[in-house]
Structures are given as C-alpha cells and as structure tokens.
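The points are grouped by topic and can be followed alongside the sequence and the model.

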Amino acid sequence: MALTTDRIIQNLQAISGYDGVVDPDTCLFSSGMLDSIAMISLIAFVEQEAGIEIRADEVTLENFDTPARITRFAGERV
Amino acid sequence: MSIAVRTVSDLFAHNLPERAAKSFLVDPGRSWTYAEVAAEVDRVAAFLAADGIEPGDRVVVQVRKGMREVAAMLAVSRIGGVFVNVNTVWTGEQLHYVIDDSGARAAILEGGAAAALPQGHALVVLVASGPSVTGLQSWDGLPEVSLQSPVSCDDGDLAAIIYTSGSTGRPKGVMLTHANIVSGARSVTAYLELRGDDRLLSVLPYSFDYGFNQLTTMMLVGGTVVHQPVTMATEIVRAIREHAVTGFAAVPPLWIQFIRLLDASGEALPSLRLVTNSGGKIPLNILERMPALLPDTRIYLMYGLTEAFRSTYLPPEKFAAKMGAIGRAVPENEVYVIREGIGIAGPGEQGELVHCGAFVSQGYWNRPDATAEKIRPCPELAALIGEEPVVYSGDIVRIDEDGDLWFVSRRDALIKSSGFRISPDEVEDIVHRSGMAADVVVFGVADDLLGQSVQVAATLAPGATREGLLAYCRKVMPAYMVPRAIHVWNEPMPRTASGKLARPEVVRLSTPTADRPQLSI
C-alpha cells in the first residue's frame with residue numbers, strides 16, 4: 001500500500017496520542033507537538049507502510065516536519 | 001556563593017550579583033543573560049501578584065521550550081507559588097484535567113491552548129506566545145517592572161507539582177518541596193562534576209524531573225542552558241556543534257536515533273564532556289557503540305523515579321565493565337534493596353528498590369491513599385531508620401558482588417514460568433537485539449502446565465518474519481525464556497498520551513481469548 005498524507009494524518013493520534021487538528025502542512029516537530037518517542041513510532045510506521053528503510057541521517061526537518069513532506073520523502077525513496 | 005541557596009528562587013537569584021551579564025539561556029536565534037531573564041521573571045511575577053495569585057497557589061505552565069517557559073516557572077516561584085509544568089505534547093483534555101486536579105488559580109499558556117480553555121473558567125491567564133486571545137493578557141503586552149520585595153518562603157514549602165502519566169489511570173501530581181529540588185540540584189552537580197562553564201543542551205521537557213534538573217543544576221553553578229525544541233537527532237547534533245555544548249541528557253528512544261546517526265555520519269562531537277541517560281534502559285547494541293562514537297565523553301547511566309526525585313547512577317569509569325547497570329545511590333541519597341518479609345538484600349540477591357532521605361517527595365497531590373501506598377514506613381528497615389517513610393519504587397533490582405544495582409523488572413510484571421522468574425524487560429532486550437522487531441511488548445499469560453507462558457507482541461522490521469524471529473529466540477535464549485507465542489502486529493501499537501506504548505492495551509489485544517485463539521507458531 002502506498003503511503004499517503006491522509007494515512008499519516010489518520011494514524012497520527014494512534015502514533016502520538018495527539019488529539020488536535022492536523023493538516024498536510026502542520027509542523028509536527030518544529031512546533032514541539034511530537035517528541036522523540038512519537039518520532040520512533042512515526043518512523044516505524046512510515047517504514048512499514050512505504051516498505052522502505054529510513055537511515056538516521058534522513059530524519060531531518062526537511063523530510064519529516066509535516067505530513068506532506070513525509071509523503072514526498074517516502075515517495076522519492078520507493 | 002554570596003546568597004544561601006534554599007529555594008528555587010534562590011537558585012536563580014544567587015547568580016545576579018556576579019553573573020548578571022553572563023549567558024544563561026540560549027534559544028534558537030538569540031541568547032539571554034541572567035539579568036535579561038530576571039527582568040522577564042519580574043514582569044510575569046508582577047502580573048500574577050497584581051491578579052491576586054498568592055503563596056501556595058498553583059500555576060499551570062504549558063509553554064514551548066525557551067526562555068519564556070523558564071521565566072514563567074521562576075516567576076511563579078518568585079511570588080511563592082507552586083508551578084505545575086505540563087508537557088507541550090500533552091493534549092487539551094490532559095491539560096484541562098491537570099488544571100482541575102491541581103486546583104490551579106492561574107495558567108501561562110501558548111495562544112492555541114489559551115483559546116481552547118473551557119468556557120466559564122475562573123483562571124488568571126497569561127498568553128506566552130502564539131495567536132493573541134481576546135480578553136487575555138499577552139506576555140508581549142506586560143509592562144516593564146521591578147519587584148521590590150521577593151516573597152520569602154520556607155524550603156519545606158511546596159515548589160512544584162510534576163504530573164506523571166502511568167500506563168493505567170489518570171496522571172498523578174508528585175509534590176516537590178524547594179528542599180527536594182535544591183538538594184537534588186546539589187547532588188546531580190556533585191556527581192556529574194558540573195561547572196560554571198558548562199553549556200547543557202536541553203532537549204527533554206522541563207515537565208519531566210530529569211529534564212528540569214538540567215536547568216536547576218546550571219542555575220546552581222551559574223552555567224548556560226541551550227534550548228533545543230526539536231527532538232530530532234540531526235538537529236541535536238547540529239546544535240551541539242553550533243553552541244559547543246558540553247553536556248546532553250536524553251532518554252533511550254533518543255539515544256537510539258542519536259547513536260545510529262553518529263554511526264552513519266562518523267561525525268565527532270569534541271565539545272561534549274558528558275552525556276546522561278535516564279528514563280529506561282538503552283538497548284545493549286546501542287550502549288556498546290557509545291564509547292567508540294563518544295571517545296572523550298563521560299557516559300552516565302542513571303535511574304530515577306519522580307516520587308523520589310533522584311535515585312542512582314553508574315559512574316562513567318564503570319561503564320565499560322557494567323554497561324546497563326544503574327549503579328548506586330547518588331550523593332545525599334539513600335537506597336535499599338528489600339526482600340519483603342525477610343530483610344535487606346545482599347550481594348547476589350534481588351529485591352525491591354526503596355528510597356529514603358532528602359529526595360523523598362511529599363507524595364501525590366490530593367491523593368492521600370495513593371501516597372500512603374507508595375510512601376510508607378518499611379518494616380524491613382525499622383532497625384535502621386525506624387518509622388521514617390520510604391518510597392517503594394515497584395522496581396525489582398539485583399545487587400552484584402560490588403554492590404552495584406541492576407534493573408530486573410517492574411515488580412508486577414515478572415513472569416513466573418515453569419519455576420523461573422522471567423523479566424519481560426530482559427526478553428524485550430533480546431528481541432530488540434535481533435534487529436527484526438520495532439515495538440516489542442513481552443507479557444505472561446496463564447498456562448496450565450507452566451504457570452505462566454512468555455508471550456511476545458511485536459511490530460516487525462521490514463523483511464522480518466515471525467518464523468525468523470522465533471528461530472533467533474530459540475538460538476539465543478534459555479529454553480524457559482523462549483516465547484510460546486509471537487503476536488505480529490501489522491498496525492502501529494496503541495500509545496499513551498505521552499507517547500509511551502500503551503502496554504496494558506497491547507497486552508489485552510494480544511492475549512488469546514476463546515473467540516481469538518492463540519496463534520500457532
């Protein structure tokens with residue numbers, strides 16, 4: 001199954017417990033919304049959904065700060 | 001030190017005579033001297049006092065990591081209040097629960113959270129930043145003032161309440177006095193050998209006692225705290241280099257990412273004198289890489305629980321020999337290992353870790369029953385300390401031949417199978433080391449033959465299979481430890497609001513029932 005922005009948003013609450021409104025451009029990390037524990041789960045979720053392995057140096061604000069950026073990053077890696 | 005430091009306010013104010021112009025806080029984009037922060041503290045303290053906030057009143061602080069979060073807490077202390085810092089990753093619902101439960105009279109919040117407060121609340125509110133909210137005071141609009149007389153308080157007075165979210169039930173507020181916090185800062189400063197020229201990177205929230213200690217220790221020695229609001233390893237490494245950070249505290253999930261990143265990039269961090277871990281065990285495969293990747297850095301493994309504030313640490317010179325141990329009591333602290341109904345455990349034995357002395361908190365806010373259960377006299381220690389109450393950690397530890405402690409398991413989580421007592425943490429460690437699993441929860445279920453059987457719930461790494469993981473377990477585990485079932489999760493495991501795995505929920509959904517029979521393996 002291809003990873004979509006919608007699927008990330010749908011799963012964010014299960015991943016992080018965050019219960020606020022999230023859109024494709026919501027800043028997840030630079031806003032302080034998600035912490036390191038949530039990040040590990042999010043990375044695992046993206047790896048599993050997109051069938052890719054993510055290197056530690058790829059986890060940057062550029063690639064992971066918003067749902068839309070995550071989808072773009074995963075799309076380029078597949 | 002010209003002023004005797006007895007309270008949280010003293011911790012900060014003793015720096016002002018001599019270090020007013022020294023850099024105290026570094027935020028992304030700008031830094032703040034001790035004097036500049038003092039001016040902000042006074043503005044907020046004057047606002048709270050003018051609105052009738054009095055000594056002993058609780059003030060909730062939920063502000064993004066930065067100067068204003070620190071100034072907000074110090075302002076509450078300045079007027080003799082009790083600050084209740086709430087993690088910014090907590091939800092609105094949790095925030096409202098803490099406001100109600102603590103009986104807060106005021107709250108210092110980001111604009112979004114302030115706008116979402118329930119209708120008809122009676123709180124004094126200060127909006128720290130973000131969108132302005134009609135009818136509420138904004139920080140930017142506070143006048144410049146100088147408070148004439150600080151409110152003096154006793155070191156036995158309450159200074160802070162830290163809410164801890166357990167895996168079950170509502171969060172409980174742990175009450176800390178000024179004496180708890182100041183003696184904790186002295187102890188940590190002593191064993192970490194912190195100095196005035198240290199620059200600690202603060203990634204962990206101040207709502208967490210371990211993160212808060214970075215701030216109190218730097219205030220004690222007149223050092224500098226560099227705020228890093230983004231908990232991403234790539235950003236953390238960049239900040240350490242940019243600000244010549246000398247010390248860094250993290251928790252296991254962050255260490256895993258940090259060490260993997262250093263491993264991949266080969267980047268050196270020469271400014272880093274010390275690093276600390278608390279809040280859980282770092283997986284062994286990550287621990288093993290740390291000395292090579294941080295060759296000039298002292299590595300401290302620590303253990304603590306909020307109810308006893310600070311607990312134990314493993315001195316860095318023992319790291320190589322005792323990787324994974326939690327060491328022994330930090331300075332000024334006393335811990336014992338108790339065998340219930342038998343006495344004090346000795347080398348080679350295990351039992352429950354209990355704490356007594358200066359760090360013992362005042363228990364849970366408004367929860368006398370929960371307090372009496374957690375903090376009470378210990379019959380096994382009566383001959384030594386009499387009726388002095390101790391904190392029962394609920395953690396089972398083993399004492400090695402040198403007297404150093406090793407974490408074994410939560411007391412209520414031990415699995416008893418075919419006469420063996422099995423630590424779920426140990427099984428989880430081994431499963432993690434296979435490299436085949438991401439999230440892992442190990443638990444016991446009733447079994448007619450074994451008493452209990454070992455069960456593993458796991459999300460698998462890409463390419464891994466249940467059969468492969470089981471084969472690995474059979475190869476490396478003693479027979480009694482090998483899981484009887486591996487429950488593979490194809491979706492993310494549920495988490496608590498603070499992001500930890502919701503273990504009871506994972507166990508419930510993974511436990512075989514009549515209509516959901518055990519998966520055969």
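In this predicted model, α3(B) passes α4(B) in a right-handed crossing. Helix α3 covers residues 34-50 of chain B and helix α4 covers residues 67-78 of chain B. The points below begin with this pair of helices and then turn to other parts of the model.

**Helices α3 and α4 of chain B**

- The two helices pack at an angle of about 55 degrees, and their axes are 8 Å apart.
- That angle makes α3(B) oblique to α4(B).
- On the α3(B) side, the contact is formed by B:V37, B:E40, B:V41, B:V44, B:A45 and B:L48.

**The largest nonpolar core**

- In soluble globular proteins, nonpolar side chains tend to be buried together.
- The largest nonpolar core of this model has 186 residues.
- Those that touch the most other members are B:V37, B:L48, B:V59, B:A72, B:V84 and B:V354.

**Helices α7 and α8 of chain B**

- Helix α7 (residues 178-192) and helix α8 (residues 209-221) of chain B pack at an angle of about 80 degrees, with axes 9 Å apart.
- α7(B) and α8(B) are therefore roughly perpendicular to each other.
- From α7(B), the contact uses B:I181, B:G184, B:A185, B:R186, B:V188 and B:T189.
- From α8(B), the contact uses B:N213, B:T216, B:T217, B:L220 and B:V221.
- The contact of α7(B) with α8(B) has five nonpolar, five polar and one charged residues.

**The loop between α9 and β12 of chain B**

- B:H243 lies in the loop between α9 (233-242) and β12 (247-250) of chain B.
- B:H243 is partly exposed, because 18 other C-beta atoms lie within 10 Å.
- Not counting residues up to four places away in sequence, B:H243 touches B:V26, B:R199 and B:V226.
- B:H243 and B:A4 are 239 residues apart in sequence, and their C-alpha atoms are 31 Å apart in space.
- B:A244 is also placed in the loop between α9 and β12 of chain B.
- B:A244 is exposed, because it has 12 other C-beta atoms within 10 Å.
- The phi of B:A244 is near 45 degrees, a positive value in a residue other than glycine.

**The loop between β19 and α13 of chain B**

- B:N366 is in the loop between β19 (350-357) and α13 (368-374) of chain B.
- B:N366 is not a glycine, yet its phi is positive, at about 60 degrees.
- B:N366 counts as partly exposed, because it has 14 C-beta neighbours inside 10 Å.

**Where chain A meets chain B**

- In the contact between the chains, 31 residues of chain A touch 34 residues of chain B.
- On the side of chain A that touches chain B, the elements giving two or more residues are α1 (5-16) and α2 (36-50) of chain A.
- α2(A) gives the most to that side, with ten residues.
- By class, the residues of that side of chain A are 15 nonpolar, ten polar and six charged.

Methods:
Residues numbered from 1 in each chain as written. Chains lettered and ligands numbered in written order. Predicted model: local features only at pLDDT ≥ 70, side-chain atom pairs only at ≥ 80, totals over all residues. Core = buried A, V, L, I, M, F, W, Y, C linked by C-beta atoms within 7 Å. Buried ≥ 20, exposed ≤ 12 C-beta atoms within 10 Å, placed from the backbone. Axes fitted to C-alpha atoms, helices over the stretch in contact; angles between N-to-C directions. Helix = DSSP H or I, 4+ residues; strand = E, 2+ residues; numbered from the N terminus. Parallel < 35°, antiparallel > 145°, perpendicular 65-115°, else oblique. Left-handed = near helix turned anticlockwise from the far one by under 90°. Contact = placed C-beta atoms within 7 Å. Nonpolar A, V, L, I, M, F, W, Y, C, P; charged D, E, K, R; others polar.
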